[in-house]
Amino acid sequence: MDSCVVLILLSSTIILSTAEVRLVGGSRCSGRVEVLHGETWYTVCDADFDQQDADVVCRELGCGLPVEVLGGAAFGRGEGQVWTEKLQCRGNESQIHSCPTSPSLKHNCSHDSDVGLVCADSVRLVDGGSRCAGRVEILHRGQWGTVCGDNWDMRDAAVVCRELGCGEAVDALSDAHFGPGSGPIWMDDVECSGSESILKNCRSRGWGKHNCDHFKDVGVICSDVRLVGGSQCSGRVEVLHGESWYTVCDADFDQQDAEVVCRELGCGLTVEVLEGAAFGRGEGRVWSEELQCRGNESQIHSCPTSPSLKHNCSHDSDVGLVCAGSVRLVDGGSRCTGRVEVLHRGQWGTVCGDNWDMRDAAVVCRELGCGEAVDALIEAHFGPGSGPIWMNDVDCSGSESTLKKCQSALWGKHACDHSKDAGVICSGKLPEHLYIYTYRWVT
């Protein structure tokens with residue numbers, strides 16, 4: 001009898017010495033919980049996982065506090081085996097392998113009961129009206145802090161939007177655009193390549209090292225809508241809801257909705273709304289709400305919705321959209337030659353010629369579908385523009401899909417006048433069908 005008691009006590013202190021943990025099917029900080037034992041990943045039964053276990057998983061992954069523990073395979077059914085031990089974390093452990101376990105009593109637990117977990121991300125956007133717009137705050141050593149605006153640009157913003165699952169970066173803002181934050185300023189002189197999966201992986205001065213105050217806190221506006229299968233400004237309309245992208249039924253989408261999408265993406269006026277999966281059939285779910293935009297909203301999430309009456313809408317009816325674009329060439333005699341102008345916050349402005357070169361010109365020509373770059377011109381070769389000078393010290397690698405994705409000084413930050421406006425000569429022209437769209441819009 002005594003020997004049996006000893007065995008039971010030993011089993012209650014088994015340690016997952018080789019275990020690791022991951023979240024699958026959501027984002028970096030949300031998904032189905034899977035534990036590594038040996039060389040095999042196991043899912044975890046929802047009946048064997050509690051708030052203390054969740055605290056440890058979120059902490060180990062460098063995410064914020066647990067937001068929600070979800071049962072019933074909320075992030076999809078896993079594969080392989082279900083973990084046969086019950087985690088008994090106290091909640092203060094730094095890693096899941098430090099938690100004791102005991103044999104689970106749920107011997108018949110299947111993948112229909114795989115547990116899911118939502119942690120707060122290690123980056124968040126605050127005071128911008130939605131989870132995809134606001135002041136950038138980052139979690140480090142258990143404390144939220146801000147990011148200094150020195151050298152903050154669209155590549156840095158793109159990483160934040162990607163980390164949050166918020167679509168494309170629309171704007172990179174500084175000077176406390178969303179109000180000054182409080183607490184530590186964790187990062188300064190951030191320099192992302194644009195390919196990083198999280199902001200913490202970007203180069204910076206080092207944690208807490210800065211020469212800023214909170215009046216230089218950065219912000220980001222991401223888009224919760226995207227166009228897929230065409231270009232940055234044309235494609236199948238997809239809307240972000242929670243962690244998933246949904247296509248939109250063409251019967252539930254009108255001209256006012258299109259105006260908001262084009263505006264949110266910084267793509268100018270609407271050219272054409274296309275029915276019948278013109279940009280290909282999407283995947284996943286079709287949005288079950290009817291958008292009821294008035295047409296003057298700045299972002300699609302600001303539009304009212306109502307339940308759609310098109311319950312049988314399939315991907316054969318995915319709506320497509322063509323917007324005018326966010327860059328143009330002016331006063332050069334053709335749409336593929338002229339002074340470079342960029343659309344930002346609804347207003348066209350120019351680009352300063354400082355450091356303007358053929359790599360920058362190549363991105364403009366590619367974005368416009370105008371063939372190869374023939375020449376990169378400065379000093380207002382095509383005449384001085386007017387209005388804001390939006391970009392300065394542009395430094396494209398040459399592989400970017402749009403000029404806005406190139407590194408540059410912050411929007412509107414420059415020491416130029418219009419006598420230095422940049423220009424481009426490209427070799428070609430748009431494919432015929434896109435040229436027709438553009439002609440229709442101009443007339």
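How do the residues of the lining of the second largest pocket divide into nonpolar, polar and charged? They divide into nine nonpolar, 11 polar and eight charged, where Ala, Val, Leu, Ile, Met, Phe, Trp, Tyr, Cys and Pro count as nonpolar, Asp, Glu, Lys and Arg as charged, and the others, Gly among them, as polar.

Before I go on, please keep in mind that this is a predicted model, in which local features need pLDDT of at least 70 and side-chain atom pairs count only at pLDDT 80 or more, while totals for chains, interfaces and linings use all residues. Residues are numbered from 1 along each chain as its sequence is written, and side-chain values use heavy atoms, with hydrogens and water left out.

A pocket here is an open set of points on a 1 Å grid over the protein atoms alone, where a 1.4 Å probe fits, with protein on both sides within 12 Å along at least five of seven lines, and lining residues have an atom within 4 Å of a point.

Let me turn to salt bridges, each a side-chain nitrogen of Lys or Arg within 4 Å of a carboxyl oxygen of Asp or Glu. A search of the whole structure finds 21 of them. In one, Asp150 pairs with Lys216, with the closest N and O atoms 2.5 Å apart. Asp150 is buried at 18% relative accessible area, whereas Lys216, at 28%, is partly exposed; buried means under 20%, exposed over 50%, and partly exposed in between, with a 1.4 Å probe and protein chains only.

Another salt bridge joins Arg205 to Asp189, at 2.8 Å between the closest N and O atoms.
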